[in-house]
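I opened the model to look up a few helix contacts and some backbone details. My entries follow in the order I made them.

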Amino acid sequence: MSRTLLKAALFGAGVIAASGALAENCLKVTLTGTQGGPPVFKGQAGAGTLVQYGSAENKCDDVRLQFDTGRGTTQRLSEAGVPVGKLDAVFLTHLHSDHSEGLADIMQLRWHFNSQGPKVDLVCSEETKSPLGFALSCQRFATHIGDPLINSGEIAQRLAENKKRLPGGPAELLQVRDFSPKDEASEVWSKGDVKVSAIRSTHIAGHASYRVDTPAGSVVIGGDAGNDVRKPPRETSTSDQVEKLAKDADIIVHSTIHPVMGPDGGTGFPPPIYYRQSNATDLGHLAKRAGVKQLMLTHLIPPVGAPRQGPYKLPKGALTDDDYRSAVADSGFEGETIVGKDLASVTLMQQN
C-alpha cells in the first residue's frame, strides 16, 4: 500500500485524491498558530498544530488532536471547522505561555457548552524540576486552569444560569495523562489506528516532542526543541532526539529561527535564546538525514514581514518566505519546505 502526499491550499481548501485512485483514509496537519514566541504580529495565533485522521469521506475527521494551544487557538480551530468540544486530546510540548495560554479558553468553552463530557485528555510531561530549583507542573496547570473564573464569580454566575454545568469549572473536564519523557520514544496515547509517541527533547525542563503514526502517514511535532548542547561548539542546533523520532516520517512540523537572529546578524537578539532554538538550515539537514518528505516551518522567529522580533530590529528589513526557504535549501534538503502561515494545511492520503 502506498501513500500519496497532497498539499491543501492555504486557509482550508479541500484535497482531491489522484485520478482513478480510491482513497481510504487520510491524515491532515493544520497549523493553528505560527507566531514565534510571546510577541504578536498582525494577529498571528500562538503556537499550535491540529492533527486529524479519518476517512476521506468525512475529511479526515474521526480523530482530532491539538498539539500546543497558544493564544487564539479557539479562533483558528473555528476557522478550520473543528469545534473545541470535539477535540479528543491536547498535547503540550512544554509550559511556556505562548504554547499553552489558549488552553484555558478551550476548556472554558467546553465547560460552557459540553459539561456533560466527554473529558479531553491532556497529555504532557510529568512535573519536572528546573535546574534553577522550581518545578514545572502540567498537573497543577490543569487543576488551576479555571481559578480566575472561579475567583471572579464567573463560574458561579454561569452555574446559576445552568445547573447542569460542572461545579468545579473547566478543570473538571480535563483528564491529565502525564508521562516521563525518555531518550527513546514511547507510546503516550492511542485511539484506534492512531498512535502517538513522545521523546525527551531540550528547550526548557519537561519539554517533549511527539510523533503521530497512522495508516495514512506520520507527522512529527518538534515543538521548540534544540540541541542538548546549548551553545557552540556543536555540530547542529537541532535535537538528536527529534531526529531519531523523525526517522522516515512523512512530515516534520518544527519551530524555526532564522540565522539572521544569530550573534552576527546585528539584531541584538540574546545569544542564549537564539542557541536554544533550531535554526532553519539545521532543520533542513535534520529533515534530509531523517528521510522526511515535507518540512513545515512554524513558530517563526522572526515572523515573515515583521521588521523586528519583539524589541529586536532587523537591520536589513523584514524577511520573506524565500528567505526561510533559502536558509533551508542551504542544507541540501530536496523535499518540500512550507513556510508556515496560520491555517496552512497538508493532507496525506492512503491509497490502495
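**Entry 1: α9 and α10**

I started with the crossing of α9 past α10, which is right-handed; a crossing is right-handed if the near helix is turned clockwise from the far one by less than a right angle, and left-handed if anticlockwise. I note that the contact is made by Ala280, Thr281 and Gly284 from α9 and by Tyr324, Ala327 and Val328 from α10, where contact means heavy atoms within 4.5 Å. By class, I have 4 nonpolar, 2 polar and no charged residues here. Ala, Val, Leu, Ile, Met, Phe, Trp, Tyr, Cys and Pro count as nonpolar, Asp, Glu, Lys and Arg as charged, and the others, Gly among them, as polar.

For the geometry, I found that the axes of α9 and α10 (residues 321-329) come within 7 Å and cross at roughly 50°. That makes α9 oblique to α10. Angles under 35 degrees count as roughly parallel, over 145 as roughly antiparallel, 65 to 115 as roughly perpendicular, and the rest as oblique. Axes are lines fitted to C-alpha atoms, for helices over the stretch in contact, and angles run from 0 to 180 degrees between N-to-C directions.

**Entry 2: where the values come from**

I am working with a predicted model, in which local features need pLDDT of at least 70, side-chain atom pairs count only at pLDDT 80 or more, and totals for chains, interfaces and linings use all residues. Residues are numbered from 1 along each chain as its sequence is written, and side-chain values use heavy atoms, with hydrogens and water left out. Helices (H or I, at least four residues) and strands (E, at least two) are DSSP runs, numbered from the N terminus.

**Entry 3: Thr281**

I went back to Thr281, which sits in helix α9 (residues 280-290). Is Thr281 buried or exposed? It is buried, at a relative accessible area of 15%; buried means under 20%, exposed over 50%, and partly exposed in between, with a 1.4 Å probe and protein chains only. A polar atom of the Thr281 side chain lies 2.7 Å from the backbone oxygen of Ala327. Leaving out residues up to four places away in sequence, I list Pro259, Ala327, Val328, Asp330 and Ser331 as touching Thr281.

**Entry 4: α3 and α6**

I next looked at α3 (residues 103-113) and α6 (residues 154-161), which pack at an angle of about 25° with their axes 11 Å apart. That makes α3 roughly parallel to α6. The crossing of α3 past α6 is right-handed. Gln108, Trp111 and His112 in α3 meet Glu154, Ile155, Arg158 and Leu159 in α6. I count this contact as 3 nonpolar, 2 polar and 2 charged residues.

**Entry 5: backbone details**

Which peptide bonds did I note as cis? Pro232 to Pro233 is cis, with omega near 5°, and Pro233 is in the loop between β13 (217-221) and α7 (240-245). Ile301 and Pro302 are also joined by a cis peptide bond, with omega about 0°; Pro302 lies in the loop between β15 (294-301) and β16 (308-309).

I then checked phi. His299, a residue other than glycine, has a positive phi near 50°. His299 lies in strand β15 and counts as buried at 2% relative accessibility. Asp248, also not a glycine, has a positive phi near 65° and lies in the loop between α7 and β14 (251-257).

Definitions and conventions. Polar contact = N/O pair within 3.5 Å; in protein donor to acceptor, adjacent residues only side chain to side chain.
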